Amino acid sequence: WDLAQISSKLVSRIPARSAGERAWHASVPQWIGADQLRSFQPWLDACGRPFVNALLLPVTVGTKVVCVLELLTTRARSDDRELLASAAVIGSQIGQYIERKRIEAAQQQADERLRNIAANIPGIVFEYRLRPDGTAAFEFVSERSVDMLEERPGAFIFVGNGDTAGL
């Protein structure tokens, strides 16, 4: 995911002067009362529910807003500063989750690319690591070990105390 690209596309689709746009640019949660809610989003009347308040929650990755969640309620509530402070933390936590998932997906793609390269090299590709505690281990062995040594890669991977998993 290219969050910068996604967020710029999203920002270009936010209606001008909308409550969501204000929350996006302010980068802080906004409490919207009934009058403001109706004037900025008349489509709510078509929902058949009498929404009277909204909490606009910017989701941030670092300092960049990637989306704004609109949480609607049918119960009238007053502006609650403590709720807004909590919402800011929640928006940041959601953003951290999104970023962590993006990094995990990128790592999986890189690992898959490495496996594909290793599978097509005419030889065995391996990673042998000497650890600070003096132990050593094969941490990666390519699938070509089956062709050349008639052993699965797992046979070379050390477990804990230096014993091999498969030998």
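Figure 1. E104 and K101 both lie in helix α4, three residues apart, which is about one turn of the helix, helices being DSSP runs of H or I with at least four residues and strands runs of E with at least two, each numbered from the N terminus. In this predicted model, local features require a pLDDT of at least 70 and side-chain atom pairs count only at pLDDT 80 or more, whereas totals for chains, interfaces and linings use all residues. Residues are numbered from 1 along each chain as its sequence is written, and side-chain values use heavy atoms, with hydrogens and water left out. The side chains of E104 and K101 meet in a salt bridge with an N to O distance of 3.3 Å, a salt bridge being a side-chain nitrogen of Lys or Arg within 4 Å of a carboxyl oxygen of Asp or Glu. E104 counts as partly exposed at 37% relative accessibility, and K101 is likewise partly exposed, with a relative accessible area of 34%; here buried means under 20% relative accessible area, exposed means over 50%, and partly exposed lies in between, computed with a 1.4 Å probe and protein chains only. Helix α4 also holds E99 and R102, three residues apart and thus about one turn of the helix, and their side chains form a salt bridge at 2.7 Å, N to O. R102 is partly exposed, at a relative accessible area of 24%.

Figure 2. The side chains of E139 and R129 meet in a salt bridge at 3.5 Å, N to O. This pair links distant parts of the chain, with E139 in strand β5 and R129 in strand β4, ten residues apart. E139 counts as partly exposed at 35% relative accessibility, while R129 is partly exposed with a relative accessible area of 40%. Salt bridges that share partners join E127, R129, R131 and E139 into one network, and a search of the whole structure finds five salt bridges.

Figure 3. The structure holds two aromatic pairs, where rings of Phe, Tyr and Trp (its six-membered ring) pair if their centres lie within 6.5 Å, and planes under 30 degrees apart count as stacked, over 60 as edge-to-face and the rest as tilted. The ring centres of F126 and F138 are 5.4 Å apart and their planes stand at 75°, so this pair is edge-to-face. Because F126 lies in strand β4 (residues 126-130) and F138 in strand β5 (residues 136-141), the pair ties together parts that are twelve residues apart in sequence. For Y128 and F138 the ring centres are 4.9 Å apart and the planes are at 65°, so this pair is edge-to-face. Y128 lies in strand β4 and F138 in strand β5, so the pair ties together parts that are ten residues apart in sequence. F138 is partly exposed, with a relative accessible area of 22%, and Y128 is partly exposed at 47%. F126, Y128 and F138 form one aromatic cluster.

Figure 4. The largest nonpolar core has nine residues, namely A23, W24, I32, L37, F51, A54, L56, V65 and V68, a nonpolar core being a set of buried Ala, Val, Leu, Ile, Met, Phe, Trp, Tyr and Cys residues joined through side-chain atoms within 4.5 Å. The elements that give two or more residues to this core are α2, β2 (53-61) and β3 (64-73). Not counting residues up to four places away in sequence, A54 touches Q30, W31, I32, L37, L71 and L72, contact meaning heavy atoms within 4.5 Å.

Figure 5. S27 lies in the loop between α2 (19-26) and β1 (30-32), and has a positive phi of about 60° although it is not a glycine. S27 is partly exposed, with a relative accessible area of 32%. A85 and V28 are 57 residues apart in sequence and 8.8 Å apart in space, C-alpha to C-alpha. A85 lies in helix α4 (residues 81-119) and is partly exposed, with a relative accessible area of 45%.
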